[in-house]
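I opened this one to see how the chain is put together and what sits around its ligand. These are my notes, in the order I looked things up.

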Amino acid sequence: MSLSQKKAMKIAQVLTEALPYIQRFTNKTVVVKFGGNAMIDEELQNSFARDIVLMKLVGMNPIVVHGGGPQIGNLLDKLSIHSEFVDGMRVTDSATMDVVEMVLGGTVNKQIVSLINRNGGQAIGITGKDGHLINSKKLSVSRYNPAMKASEIIDIGHVGEVKSINTDVIDMLIDSNFIPVIAPIGVGEDGNSHNINADLVAGKLAEVVQAEKLMLLTNVAGLQDKEGEVLTGLSTEQVDGLIEDGTIYGGMLPKINCALDAVKAGVTSAHIIDGRVAHAVLLEIFTDTGVGTLITNSKVVS
Ligand SMILES: Nc1ncnc2c1ncn2[C@@H]1O[C@H](COP(=O)(O)OP(=O)(O)O)[C@@H](O)[C@H]1O
Ligand SMILES: CC(=O)N[C@@H](CCC(=O)OP(=O)(O)O)C(=O)O
């Protein structure tokens, strides 16, 4: 067999492998959280945008929710505004909230929209304030205070959690064949903005639209143990144990919690995938080889 025949055969194999997945996922909604390294590396950004466009072209309904923590951090640094995190959530005072809204609702959201559109898609970027998409309330965080030997509530400012999601605007966009790109900013009862962790928004949205998949792109290979090995075959109870003993901390906390909540609420599967791998989304959906940690209602497997 000549080299070009071998190449043609390989392409045919890949397409054949993809066929059952394309059939299975046609008309299904997939919520993809774009974050981590995939968001700052130009080549990975492009491969992500092409994956999303391809999903749409083969009849799926992708909804993109994006983060932007590093980009917020960069602008805060430039403005000499100190920032810190509690349990993976950025403590957000009024000045920080202005920066969050500027970066997420402005720069980052429009960059992703433009990237998808340049690659042949039709994306529309909105925040949770548009069309009352994300109604939020102030997030209450409690911490154990060893000195007081009791838990206490800590105020982390304008940080929100999702109270309800009104999908009218999303339905309208999908019905008109657009790809929604959502910045994780919620609107409180008083009309004020809330900074919401993007994983939490993606998870809740997946629940409300009863997505087939929730995909969380990040900058690690998946859920790992203390030695860095990707964990496999865990029950949801074991995950709770890993949170208690500190194996899961920081930014992985909202990710794993929202993935577990989503599958418990009817999303078929949630995936924490390695955004450092080009075409990670495509590989996860259309091939037999996944690239991260799979979470279903009863099991966490890689
Ligand atoms: N058990 C764990 N397995 C993998 N990563 C973990 C774990 N516990 C904490 N982390 C941290 O969570 C980070 C991913 O969260 P985050 O930085 O918020 O990602 P993203 O920007 O993609 O939302 C990892 O880079 C790692 O530092
Ligand atoms: C409350 C809170 O922490 N909000 C996040 C929102 C952006 C985000 O979630 O970005 P990543 O997904 O890139 O981490 C923040 O301010 O960084």
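The entries below go from the whole chain down to single residues.

**Overall build**

I started by noting that this is a predicted model.

I looked at burial next, and 42% of the 302 residues count as buried. For contacts with a separation of 6 or more, I found that 74% come from residues 24 or more positions apart.

**The core**

Which residues touch the most other members of the largest nonpolar core? I got Val-31, Val-64, Val-201, Ala-202, Leu-214 and Ala-259, out of 73 residues in that core. Helix 4, residues 94-118, gives the core its largest share, with nine residues.

I followed up on Ala-259. Leaving out residues up to four places away in sequence, Ala-259 touches Gly-203, Leu-214, Leu-216, Ala-270, Ile-272 and Ile-295.

**Around ligand 2**

I listed the shell and counted 15 residues around ligand 2; Gly-35, Gly-67, Gly-69, Arg-90 and Ala-198 come nearest. I then asked which elements supply at least two residues each to this shell. Helix 3 (69-78) and strand 4 (89-90) both do. By type, I sorted the shell into seven nonpolar residues, seven polar and one charged.

**The UniProt positions**

The unreviewed UniProt entry lists Gly-68, Gly-69, Arg-90 and Asn-195 under "binding site". Those positions span 128 residues in sequence, but no two of their C-alpha atoms are more than 11.7 Å apart, so they gather at one spot.

I took Gly-68 by itself. Gly-68 lies in the loop between strand 2 (61-66) and helix 3. Is Gly-68 buried or exposed? It has 25 C-beta neighbours inside 10 Å, and the cut-off for buried is 20 or more, so Gly-68 counts as buried. Beyond its neighbours within four places in sequence, I found Gly-68 in contact with Val-103, Leu-104 and Val-108.

Then I went to Arg-90, which sits in strand 4. Arg-90 is buried as well, with 21 other C-beta atoms within 10 Å. Setting aside residues up to four places away in sequence, I have Arg-90 touching Ser-83, Phe-85 and Asn-195. Asn-195 is also on the UniProt list.

**Thr-247**

I found Thr-247 in the loop between helix 7 (236-244) and helix 8 (252-264). Thr-247 has 15 other C-beta atoms within 10 Å, which makes this residue partly exposed. Its contacts, not counting residues up to four places away in sequence, are Asp-225, Lys-226 and Leu-242. I also compared Thr-247 with Gly-67: they are 180 residues apart in sequence and 23 Å apart in space, C-alpha to C-alpha.

**Backbone angles**

I keep in mind that most residues other than glycine have a negative phi. So which way do Asp-87 and Lys-149 go? Asp-87 has a positive phi, near 50 degrees, and Lys-149 has a positive phi near 55 degrees.

I placed both. Asp-87 is in the loop between strand 3 (85-86) and strand 4, and is partly exposed, with 17 other C-beta atoms within 10 Å. Lys-149 is in the loop between strand 7 (141-145) and strand 8 (150-154), and counts as exposed, with 7 C-beta neighbours inside 10 Å.

**Leu-3**

My last stop was Leu-3, in helix 1, residues 3-25. I got 7 other C-beta atoms within 10 Å of Leu-3, so Leu-3 is exposed. I also took the distance from Leu-3 to Val-169: they are 166 residues apart along the chain, and their C-alpha atoms are separated by 50 Å.

How values were computed
Residues numbered from 1 in each chain as written. Chains lettered and ligands numbered in written order. Predicted model: local features only at pLDDT ≥ 70, side-chain atom pairs only at ≥ 80, totals over all residues. Core = buried A, V, L, I, M, F, W, Y, C linked by C-beta atoms within 7 Å. Buried ≥ 20, exposed ≤ 12 C-beta atoms within 10 Å, placed from the backbone. Helix = DSSP H or I, 4+ residues; strand = E, 2+ residues; numbered from the N terminus. Contact = placed C-beta atoms within 7 Å. Near = placed C-beta within 6 Å. Nonpolar A, V, L, I, M, F, W, Y, C, P; charged D, E, K, R; others polar. UniProt positions renumbered as here; feature names shortened; annotations may be inferred.
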